[in-house]
Amino acid sequence: VGTETLTRELVPSRGFQSSVDYKLIFGLGKYAKVDSMMVIWPNRTAVTFISPGINKVHIIEQSEKNTHQWSI
């Protein structure tokens, strides 16, 4: 069991009339599973997914239910 934390920030705009894809891709290396995944939205709400599947695409949309306020 590892204690590694992987983070990514999605900033799709790159300049005037320019943007990049909205996909975030994580490589797990030697690990075969993920214990949890947390998404923190720009309004500081967050949602946590326990044991998300690997080798698949997760489509995550911001929702007012099942979120909690994140304080920094």
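User: How do you know how far to trust the model, and which element has the lowest mean pLDDT?

Analyst: The mean pLDDT of the protein is 83, and 88% of its residues reach 70 or more. Among the elements, strand E5 (residues 68-69) has the lowest mean, 61, while E3 has the highest, 91. Where pLDDT is low, the predicted coordinates should not be read in detail.

User: What makes up the secondary structure?

Analyst: The protein comes to 0 helices and 5 strands. Read along the sequence, the pattern is β-β-β-β-β.

User: Why are E3 and strand E4 called paired?

Analyst: Pairing requires at least two bridges between the strands. E3 and E4 (residues 45-50) have 5 bridges, in the antiparallel sense, so they count as paired. As for individual positions, Val39 stands opposite Val47 in E4, and the bridge partner of Met38 in E4 is Thr48.

User: Why is Arg44 called partly exposed, whereas Ser51 is called exposed?

Analyst: Exposed means over 50% relative accessible area and buried means under 20%, with partly exposed in between. Arg44 has 42%, so it is partly exposed. Ser51 has 51%, which is over 50%, and is therefore exposed. Ser51 lies in the loop between E4 and E5; it has a positive phi of about 50 degrees although it is not a glycine.

User: Is Ile50 buried or exposed, and how do you know?

Analyst: Ile50 has a relative accessible area of 67%. The cut-off for exposed is over 50%, so Ile50 is exposed. The place of Ile50 is in strand E4.

User: Which residues are in contact with Ile50, leaving aside its neighbours within four places in sequence?

Analyst: They are Asp35 and Ser36, where contact means heavy atoms within 4.5 Å. The C-alpha atoms of Ile50 and Val34 are separated by 8.2 Å, and these two residues are 16 apart along the chain.

User: What makes the nonpolar surface patch, and why can Tyr22 belong to it?

Analyst: The patch is made by Leu6, Leu10, Tyr22, Leu24 and Phe26, and has an area of about 470 Å². A patch residue needs over 30% relative accessible area and no salt bridge, and Tyr counts among the nonpolar side chains. Tyr22 has 59%, so it passes the area cut-off. That value is also over 50%, so Tyr22 is called exposed. The place of Tyr22 is in the loop between strand E2 (18-19) and strand E3 (36-40).

User: How many of the residues are buried, as a share of the protein?

Analyst: Buried residues make up 10% of the 72 residues, where buried means under 20% relative accessible area. The protein exposes about 6,700 Å², and carbon and sulfur atoms supply 53% of this area.

User: What share of the contacts joins residues at least 24 apart?

Analyst: The share is 17%, taken among contacts between residues at least 6 apart in sequence.

Terms used: Residues numbered from 1 in each chain as written. Predicted model: local features only at pLDDT ≥ 70, side-chain atom pairs only at ≥ 80, totals over all residues. Heavy atoms only, no water. Patch = residues over 30% accessible without salt bridge, like charges linked within 9 Å, V, L, I, M, F, W, Y side chains within 5 Å. Areas by Shrake-Rupley, 256 points an atom, 1.4 Å probe, with all protein chains shown as cover. Salt bridge = Lys/Arg side-chain N within 4 Å of Asp/Glu carboxyl O. Helix = DSSP H or I, 4+ residues; strand = E, 2+ residues; numbered from the N terminus. Buried < 20%, exposed > 50% of the residue type's maximum accessible area, 1.4 Å probe, protein only. pLDDT = per-residue confidence, 0-100.
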